[in-house]
Amino acid sequence: MDLTFTPEQTAFQEELRTWFAANRPTDPPDDEDAAYQWRRQWQKTLHGAGLAGVHWPKEYGGRGATLSETAIFFEELGRAGAPLPADVLGLLLAGPTLMVWGSQEQKDRLLPTILDAEESWCQGFSEPDAGSDFGAVKTRAVKDGDDWVVTGQKVWTSGAQYAKWCMLVARTGDPAEAGGPAKHKGLTYFVLDMESPGVEVRPLVQITGSPEFNELFLDEVRIPDSAVVGGVGNGWKVALTTLMNERAGLAFFLQVRLRQQLDALVDRAAGAGGTDGVIDDPVVADKIADLHLRTEALRLLAWKGLTAIERYGQPGPEGSLGKWLWSETNQQLVEVAADVFGSEALIDGEPWAYELLRARGNSIEGGTTEIQKNIVAERVLGLPRV
Ligand SMILES: Cc1cc2nc3c(=O)[nH]c(=O)nc-3n(C[C@H](O)[C@H](O)[C@H](O)COP(=O)(O)OP(=O)(O)OC[C@H]3O[C@@H](n4cnc5c(N)ncnc54)[C@H](O)[C@@H]3O)c2cc1C
């Protein structure tokens, strides 16, 4: 990967800087639902400027940006302090998965409303007994005429309270295979309409106090056969496309967010806002230097990941390394912030208190650190399975 920008890339970067400077969103409201609507409006503004799906091909309404331009977009979004669009799951996960595996009818119906933020998505993979062990999925889909009848429970379903559609993985094969040696067979990937009868969303309150995710109960929900994505029994492969896009797609934004947080921390440690220049404390300085090195390594790793996508057309297992290092570094950062900010980082409602608590989930969401380490060991380094 050559990190020297071409004149076109530099021009794109300048275009983005100008646009973000002129279109800075206002501060988000405190209320969770209002904040979601605020991010939805922000996505519509991005869409109006052709920036909601920069990485989406032009045939699907995107800007058709190259991988490097997409990386520049996320870097500039982060640098401007702008939020991610409301429907990250639609834009980064569901959309790209449908582009690879979806039928023409599914693409025509579902892709445009992702871009313009009219309909949002959630991801119904995890179950009470199937998280890391995705092959243990027990939610059952049984064919009945032209429909599938689906019954089961999903959990930790982020954004289900706002979603119109769900990327749902259910077992269409032999239920006895769940968790067994053939567990990856017999899974099927569906698009579930969250307004279907039999769908119930119950909020789960996180340690931060906000109900960001939910339990999702499915009681004899009818899903038409036309909503199967990638063929019956092929759900494992389709879900892998979603998961790899999740890890690779967020890599750029997350490392830029990390840099922003670190810069804010350094400013405060250096005396801004009345912290008495604790950066002169060699222990604090040492910790901040370490965070700087990790953040810079993550930035370079995210760019390196582009090489794999260019080579294989899809994100590869290398994205797991970035996910693992990002979650570790972000958790380290918020702990250093708590040292620097003192009691402010422990007061309910303060932004750094939220960050401190929210970061606990980083090493679980999108696949736990242990699972990322297994993927790196087996699929990147080629080490034997234990
Ligand atoms: C903030 C947040 C948002 C989330 N959003 C979603 C969402 O929108 N949709 C969705 O489907 N899921 C979501 N999840 C769920 C997440 O994907 C799962 O929590 C995660 O995959 C782990 O599954 P589990 O909780 O069942 O833990 P388990 O799989 O039961 O793991 C328990 C522990 O055992 C370890 N472990 C398990 N297997 C192995 C192994 N083979 N080798 C080594 N260690 C192992 C794990 O690392 C972990 O420490 C979210 C989670 C969080 C925290």
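Trainee: Is glutamate 69 buried or exposed, and which side chain of opposite charge is nearest?

Mentor: Please keep in mind throughout that this is a predicted model. Glutamate 69 is buried, and yet it has no salt bridge. The nearest side chain of opposite charge belongs to arginine 63, which is 5.7 Å away, whereas a salt bridge requires a side-chain nitrogen of Lys or Arg within 4 Å of a carboxyl oxygen of Asp or Glu. What the side chain of glutamate 69 does reach is the backbone nitrogen of threonine 66, at 3.0 Å. As for its place in the chain, glutamate 69 sits in helix α3, which covers residues 67-79.

Arginine 63 has a salt bridge with another residue, for its side chain meets that of glutamate 15 at 3.3 Å, N to O. Because glutamate 15 lies in helix α1 (residues 7-22) and arginine 63 in the loop between α2 (32-48) and α3, this pair ties together parts that are 48 residues apart in sequence. Both partners are partly exposed, glutamate 15 with a relative accessible area of 40% and arginine 63 with 27% relative accessibility.

The chain is divided into domain 1 (7-115), domain 2 (121-233) and domain 3 (238-380), and the contact between domain 1 and domain 3 takes 20 residues from domain 1 and 18 residues from domain 3. The centres of these two domains, taken over C-alpha atoms, are separated by 21 Å. The area buried between them is about 1600 Å², with carbon and sulfur atoms giving 73% of it. Leu67, Glu75 and Leu93 supply 33% of the area that domain 1 buries against domain 3, which is more than any other three residues.

Turning to polar groups, the count of salt bridges between domain 1 and domain 3 is zero, although five residue pairs are found in polar contact across this interface. On the side of domain 1 that touches domain 3, α3 and α4 (88-101) each supply at least two residues, and α3 gives the most, with nine residues.

Elsewhere the charged side chains do pair up, and the structure holds 26 salt bridges. One of them joins the side chains of aspartate 144 and arginine 222 at 2.7 Å, N to O. Since aspartate 144 lies in strand β2 (residues 140-144) and arginine 222 in strand β7 (residues 213-224), the pair ties together parts that are 78 residues apart in sequence. Aspartate 144 counts as partly exposed at 40% relative accessibility, and arginine 222 likewise counts as partly exposed, at 41%.

Arginine 222 also meets the side chain of aspartate 147 in a salt bridge, here at 2.9 Å, N to O. This pair links distant parts of the chain, with aspartate 147 in strand β3 (residues 147-155) and arginine 222 in strand β7, 75 residues apart. Aspartate 147 is partly exposed, with a relative accessible area of 21%. A further group, made up of Arg259, Asp263, Glu296 and Arg299, is linked in a network of salt bridges.

Notes: Residues are numbered from 1 along each chain as its sequence is written. This is a predicted model: local features need pLDDT of at least 70, side-chain atom pairs count only at pLDDT 80 or more; totals for chains, interfaces and linings use all residues. Side-chain values use heavy atoms; hydrogens and water are left out. Helices (H or I, at least four residues) and strands (E, at least two) are DSSP runs, numbered from the N terminus. Buried means under 20% relative accessible area, exposed over 50%, partly exposed in between (1.4 Å probe, protein chains only). Lys and Arg count as positive and Asp and Glu as negative; His and the chain ends are not counted. A polar contact is a pair of N or O atoms within 3.5 Å; within protein, one must be able to donate a hydrogen and the other to accept it, and residues adjacent in sequence count only if both atoms are side-chain atoms. Domain bounds come from an automatic or database domain assignment. Contact means heavy atoms within 4.5 Å. Buried area is the accessible area (1.4 Å probe) that two parts lose on being put together, summed over both.
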